[in-house]
Amino acid sequence: MSAILPPSERLWWKQPIDKVEWAWIAIAFVWGMVMFVMMIYWHVYGKQNLSNEAYKTSPEMFAAKAEKFIAENTIRTETDQNIPVVKVPAGGDGYLIARLWAWYPILELEKGQTYKIHLSSMDYNHGFSLQPVNINIQVIPGYEHVVKMTPTKEGTYAIVCNEYCGIGHHSMLGRIYVK
């Protein structure tokens with residue numbers, strides 16, 4: 001039989017399945033079941049991305065909440081652009097805005113405390129990638145993503161946009177300080 005020529009039997013689907021085909025079907029089924037169980041295992045015991053919450057919002061509503069948070073908790077400014085450094089209250093909520101081509105503001109967290117970080121985009125899809133921890137979240141306009149974090153090491157962590165957002169994408173960097 002050739003792959004170019006039509007099958008000799010017109011009702012090819014009524015032909016018996018060969019033992020080798022049954023073996024491959026069984027292997028694929030067993031592997032699928034193993035991977036299904038592993039998904040549950042990885043979710044419970046793995047060091048994969050965090051489970052997060054998402055809520056429908058508008059860029060204006062999220063920006064108002066974020067600006068209020070920034071006004072109440074700013075401790076200093078940094079860089080030549082005077083980006084505020086905001087100390088998130090221990091166990092509290094922090095707000096981070098993604099917009100062309102910046103993460104705003106810079107957050108300061110305490111080691112060992114649990115925080116809820118609220119993320120949203122003001123314009124396009126952005127990717128929140130916290131390095132070197134490797135937390136990756138898709139940040140979409142119109143949605144408020146809430147991520148629970150408990151920093152375990154002090155230091156400066158980089159926020160990188162890993163979703164192409166235009167010509168200035170390479171400069172879309174932010175920071176989180178853990179003290």
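Reply: Let's settle one term before zooming in: a polar contact here is a pair of N or O atoms within 3.5 Å, and within protein one of the two must be able to donate a hydrogen and the other to accept it. Keep in mind, too, that this is a predicted model.

The part I'd pick is Ser121, which sits in strand E7. Its side chain makes a polar contact with the backbone nitrogen of Asp123, at 3.3 Å. The side chain of Ser121 also reaches the backbone oxygen of Tyr124, this time at 2.4 Å. So what else is around Ser121, once you skip residues up to four places away in sequence? The list is Pro59, Ala98, His126, Val139, Ile140, Pro141 and Gly142. Ser121 counts as buried because its relative accessible area is 0%, and the cut-off for buried is under 20%.

Six of the seven residues of E7 are buried, so the strand is largely enclosed by the rest of the structure. Which strands does E7 pair with? On the one hand there is E4 (residues 93-99), which runs parallel to E7 (residues 115-121) over six bridges. If you'd like to trace that pairing by eye, Gly94 has Ile117 as its bridge partner in E7, and Leu96 stands opposite Leu119. On the other hand there is E10, joined to E7 by five bridges and running antiparallel. A pair to look for there is Lys116 with Lys148 in E10. While you're tracing, remember that side chains in a regular strand alternate between the two faces of the sheet.

Now one step back. These strands belong to an open sheet of five, in the order E1-E10-E7-E4-E5, and the pairing is mixed. E1 (52-56) and E5 (102-104) stand at the edges with a single partner strand each, so one side of each has no neighbour in the sheet. Direction ignored, neighbouring strands in this sheet are turned by 25° against each other on average. Helix H2 (residues 59-73) packs on the sheet, where it touches E4, E5, E7 and E10 (143-149). The direction of H2 makes about 125° with that of E4.

Within it, E11 (residues 155-161) and E12 (residues 173-178) pair antiparallel over six bridges, and you can find Gly155 opposite Val178 in E12.

A polar atom of the His169 side chain lies 3.3 Å from the backbone oxygen of Cys161. Leaving out neighbours within four places in sequence, His169 is in contact with Trp101, Cys161, Asn162, Glu163 and Tyr164.

The chain is divided into domain 1 (1-48) and domain 2 (52-176), and their centres, taken over C-alpha atoms, are separated by 43 Å. A residue to look at over there is Phe36, placed in helix H1 (residues 19-45). Is Phe36 buried, exposed or partly exposed? Partly exposed, because its relative accessibility is 46%, and that class lies between under 20% and over 50%. Phe36 and Ser8 are 28 residues apart in sequence, and their C-alpha atoms are 39 Å apart in space.

Methods: Residues numbered from 1 in each chain as written. Predicted model: local features only at pLDDT ≥ 70, side-chain atom pairs only at ≥ 80, totals over all residues. Heavy atoms only, no water. Helix = DSSP H or I, 4+ residues; strand = E, 2+ residues; numbered from the N terminus. Buried < 20%, exposed > 50% of the residue type's maximum accessible area, 1.4 Å probe, protein only. Pairing = 2+ DSSP bridges. Axes fitted to C-alpha atoms, helices over the stretch in contact; angles between N-to-C directions. Contact = heavy atoms within 4.5 Å. Domains from an automatic or database assignment.
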